[in-house]
Amino acid sequence: MTTPSPYPHLFSPLDLGFTTLRNRILMGSMHTGLEDRARDFPKLAAYFAERAAGGVGLIVTGGFAPNMMGWLAPFGGKLSWPWEARKHRQVTAAVHGHGAKICLQLLHAGRYAYHPLQVAPSRIKSPINPFTPRALTGFGVERTISAYVNAARLARDGGYDGVEIMGSEGYLINQFLSARTNRRTDAWGGDLRKRMRFATEIVRRVREACGPDFIIVYRLSMLELVPEGSSWDEIVAQAKAIEAAGATLLNTGIGWHEARVPTIATSVPRAAFAGVTAKLRPEVKLPLVATNRINMPDVAEGILACGGADLVSMARPLLADPAWANKARAGRADRINTCIACNQACLDHVFSQKNASCLVNPRACVETELVYAPTTAPRRIAVVGAGPAGLACATVAAERGHRVTLFDAADEIGGQFNLAKRIPGKEEFHETLRYFRHRIEDTGVELRLSTPVDAAALAGFDAVVVATGIRPRTVDFPGADHPKVVSYLDVLGGRVRTGPRVAIVGAGGIGFDVAEFLVHQPLVDASVMEVAPKTDAADSPSPDSPSLDPARWMAEWGVDPTFSSPGGLRRPEPEPPAREVWLLQRSPGKPGAKLGKTTGWIHRATLKAKQVAMLGGVSYLGVDDTGFRIRVDGQEQTLPVDQVVVCAGQEPRRDLFEALQAAGIAAHLIGGADVAAELDAKRAIDQGSRLAAAL
Ligand code: FAD
Ligand code: NAP
Ligand code: SF4
C-alpha cells in the first residue's frame with residue numbers, strides 16, 4: 001500500500017473531459033534560449049524530459065511566435081512552417097514518454113519585440129523598448145489571427161497536447177485588450193467588446209481548427225500593475241468571453257513587463273498574488289491556474305486546499321529542481337532544491353541573450369553536457385570550505401561515489417550565505433542551506449565543522465579542493481582605523497549594532513544589501529551605537545522584513561490589496577526607514593548600475609523609497625569624531641554619521657592554498673578563493689559542481 005501524499009490536493013488528477021492531467025502542477029512557460037535554434041532541440045527535449053520524469057503534470061514550453069513580426073528578438077523561436085513543427089516531435093515524444101502532457105506557448109511580442117519589424121494595435125512606443133511599432137492594418141489583424149491558428153495546428157501536428165495563448169504581461173494580445181495601448185477606431189478597438197475581439201477570435205478559431213480534444217490554456221492578464229490598466233469588471237468580462245470562445249484552462253498573468261512593481265523577484269512574498277486568481281474563480285467554470293512566487297509544496301497545497309485555484313504554475317522552481325513533484329509526493333519536501341527567485345542565471349541570462357540555467361542547479365538547460373556519472377575510481381577527497389562552492393563540490397563528488405570530507409572553520413555550513421540570508425527580502429537563502437544540509441546527509445559527505453584546516457591536516461587525501469572563500473577588502477583613507485569604521489561582516493554578523501546615521505563605502509551587491517538591512521533593522525536606542533562581542537549572527541535581532549508580510553509589502557509597492565482599482569494600483573506608502581543611510585561609490589554615475597538586469601531596478605527603487613542617499617563620484621577624505629568627510633562634485637561635506645560600514649569588495653583567501661603549494665600538495669581552487677572579483681554564488685556553485693563532475 002502506498003503512503004498517502006501529504007499534499008492531497010496537489011496530487012489529485014484533473015479531468016479535463018477529453019484528457020486527464022495526473023496532478024495539479026503546471027510547469028509555467030519560461031524562455032530558455034534553447035527554443036531559438038533547431039540544433040538545440042535535443043537539449044530542449046532532455047530538459048523537458050527530466051521535468052516530466054520528475055512528476056510534473058502539464059508542461060508549457062517557452063514562447064514561440066506565430067510569425068516573424070511576433071519574434072521576441074531576431075531569429076527567436078517561431079512556428080509557422082511544417083518543417084518547424086517536425087523538429088518538435090522529439091520534444092513532445094520525450095515528455096509523453098514520462099507520462100506528462102505538454103502545450104506549446106504561442107507568444108506574439110507586439111510592441112515588446114526587440115527588432116524593427118514590431119507591430120501593435122496602435123503606434124505607441126513601449127517605455128522599455130527603443131523601437132516604435134507599426135500599427136497593424138485591419139488586414140494585418142486578420143493575417144495575425146490566421147498565423148496563430150496556423151501555429152496552433154502545427155503544434156498539434158508536432159505532437160503537442162495543446163497550446164497556451166499568451167494574453168498577458170503586456171504582449172500583443174494584452175496590447176489589444178488595453179485602452180492604454182489600443183487607440184483604434186475600427187472593429188478591433190474602442191469599447192471593451194471591440195478590444196477583446198482579437199483575443200476571443202484567436203481562441204475561437206484555434207478551437208475550431210484544432211478540435212475539441214486539444215488543450216487551450218489562455219494566460220489572462222488578471223492584474224496589470226500599470227496606469228490605465230484593466231479594471232476588475234473588465235477582467236471578469238474578458239475571462240467570461242475567453243471561456244465562451246472555447247478555452248480549456250485559464251492561467252494567471254500578473255503585471256506587464258513595463259510595470260514598476262516587482263512580481264517574481266525574491267523580495268516578493270510567496271504566493272503574494274494568489275488572491276487575484278481566487279477572486280476570479282467564482283466568476284467562471286473553467287479550471288484556474290494560480291502563479292507567481294509559488295515555490296514550495298505547502299504553499300501550493302494551501303492555495304488549492306482553500307479553493308483559490310485548480311492548478312498551480314511554477315516555472316523557475318522546476319528549473320531549480322526537476323524532481324520537485326516526485327519529492328513533494330513522496331513527503332520529501334525538505335529535499336527540494338528550492339528556487340530562491342534570484343533571477344541571476346535564468347531571466348538575467350535570457351535578457352543578456354544567453355541561455356538560461358539556474359544558480360542553485362547548474363545542470364538546468366545543460367542536462368546532456370553536465371552529467372554526474374558514477375565514478376569508476378573512487379578517491380578520498382578533502383574539500384575545505386563549506387560555502388556554496390565547497391558544498392556543491394563536496395556533494396556532487398560524493399553523489400558520484402567518492403569518499404568526501406568537508407571541513408569548515410565555522411560551526412555551520414554556508415559561508416557567506418549565512419550573511420545573505422539575513423538581508424530582508426533574501427529569506428529564501430535559508431532554503432539553499434537546508435537543501436545542502438540534507439544533501440550532505442544523503443550523499444554521505446563526512447562533515448567536520450569548527451575545524452580550521454592547515455596544510456598538514458590534508459596529507460593523505462587523494463585530492464584536495466580549496467574553497468576557502470574571500471577576505472573583505474580593507475580601505476586606506478585617513479581615519480580608516482577609527483572605531484566608527486566597521487566591516488559588513490561586523491554589521492551582518494551581529495557584532496556591531498549601528499546608530500541612527502550610517503555611511504556605506506562601496507555600492508556593489510553587498511553595499512546595497514547592507515543598506516537594505518540597515519533601513520529595516522530596528523534601532524535599539526537611537527542615541528547609542530552598540531559594539532558588543534556576539535557569538536553568532538542569530539544573536540542580533542533580525543531586520544523586520546516586509547517580504548514576509550504580503551499586506552505590508554503591497555502597501556510599500558502601491559498594490560491595491562482588493563485588486564479592484566484599474567491596474568490594481570494605489571499610492572505607495574513606504575514605511576519610514578529605521579536609519580538615515582548614505583550609500584557611496586568612487587566611480588561616477590548612478591550606484592547600482594552593475595546589479596542584476598532584472599532585479600537592479602528593484603533594489604534602487606527600494607532604497608530610494610527609504611530615502612537612502614545614493615552618491616557616485618565620491619572622494620573619501622577621512623573619518624574622525626565629527627563624521628565622514630567626503631568630496632562630491634567638487635564640494636566638501638561632512639556626513640554626521642555614527643558608523644562607516646566598509647563594503648569595498650573582496651580578495652581571494654588563499655593562505656591555505658599557498659601553504660599547500662609550499663608543502664608540495666596539489667590542490668584545486670574554486671569559488672572566491674580562486675577569483676574574488678565579480679564572484680557570486682552562481683559562479684561558485686557552477687564551478688564547484690563542474691569540478692566535482694570531472695574528479
Ligand atoms: P564563502 O561563502 O566565502 O565560503 C568560504 C568558507 O570557507 C567559509 O565558510 C569559511 O569559514 C571557510 N574557510 C575559510 N578558510 C578555512 C580554513 N582554513 N579551514 C576551514 N574552513 C575555512 N551571491 C549571489 O549570487 N547572489 C546574492 O544575492 C548574494 N548576496 C549576498 C549577500 C551578502 C550580504 C553577501 C555577504 C554575499 C552575497 N552573495 C551573493 C555572494 C555569495 O554569498 C558568495 O559569492 C559565495 O558565498 C562565495 O562562495 P565560496 O564558497 O567561494 O565562499
Ligand atoms: P563589488 O560588487 O565588487 O563592489 C565593491 C564596491 O566597493 C564597489 O562599489 C567599488 O566602487 C567599491 N570599492 C572597491 N575598492 C574600493 C576601495 N579600495 N576603497 C573604497 N571602495 C572600493 O563587491 P561586493 O559588493 O563586495 O560584492 C561581492 C560579490 O557578491 C559581488 O561580485 C556580487 O556579485 C555578489 N553579490 C551579489 C548580490 C546580488 O544580489 N546578486 C548581492 C550581494 C553580493 P568604487 O570603486 O566605485 O568605489
Ligand atoms: Fe530560481 Fe535563481 Fe535558479 Fe532562476 S537562477 S531558477 S530564480 S534559483
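The paragraphs below go through a predicted model of one protein chain, from its overall dimensions to single residues. Because the model is predicted, local features need pLDDT of at least 70 and side-chain atom pairs count only at pLDDT 80 or more, while totals for chains, interfaces and linings use all residues. Residues are numbered from 1 along each chain as its sequence is written, chains are lettered from A and ligands numbered from 1 in the order in which they are written, and side-chain values use heavy atoms, with hydrogens and water left out.

The C-alpha trace spans about 75 × 65 × 45 Å along its principal axes. For 695 residues, a compact globule would have a radius of gyration near 26 Å, and the value of 27 Å for the chain agrees with this. The radius is taken over C-alpha atoms, and the globule rule is 2.2 Å times the number of residues to the power 0.38. The chain contains 21 helices and 29 strands; these are DSSP runs numbered from the N terminus, with helices being H or I of at least four residues and strands E of at least two.

Of the 695 residues, 60% count as buried. Buried means under 20% relative accessible area, exposed over 50%, and partly exposed in between, with a 1.4 Å probe and protein chains only. Among contacts (heavy atoms within 4.5 Å) between residues at least 6 apart in sequence, 72% join residues at least 24 apart.

Helix α18 covers residues 550–557, and six of its eight residues are buried, so the helix is largely enclosed by the rest of the structure. The buried residues are Arg552, Trp553, Met554, Ala555, Glu556 and Trp557. Their cover includes α19 (600–609). After α18 comes Gly558, with a positive phi near 80°.

Most residues other than glycine have a negative phi. Asn292 has a positive value, near 75°. Asn292 sits in the loop between β11 (288–290) and α9 (297–305), and its relative accessibility of 7% makes it buried. Ala341 also has a positive phi, near 60°. Ala341 belongs to the loop between α11 (324–329) and α12 (347–350) and is buried, with a relative accessible area of 1%.

The loop between β22 (580–584) and α19 holds Thr599, which is buried at 10% relative accessibility. Leaving out residues up to four places away in sequence, Thr599 touches Ala265, Cys342 and Asn343. Ala593 lies in the loop between β22 and α19 but counts as exposed, at 64% relative accessibility. The C-alpha atom of Ala593 is separated by 9.5 Å from that of Ala507, 86 residues apart along the chain.
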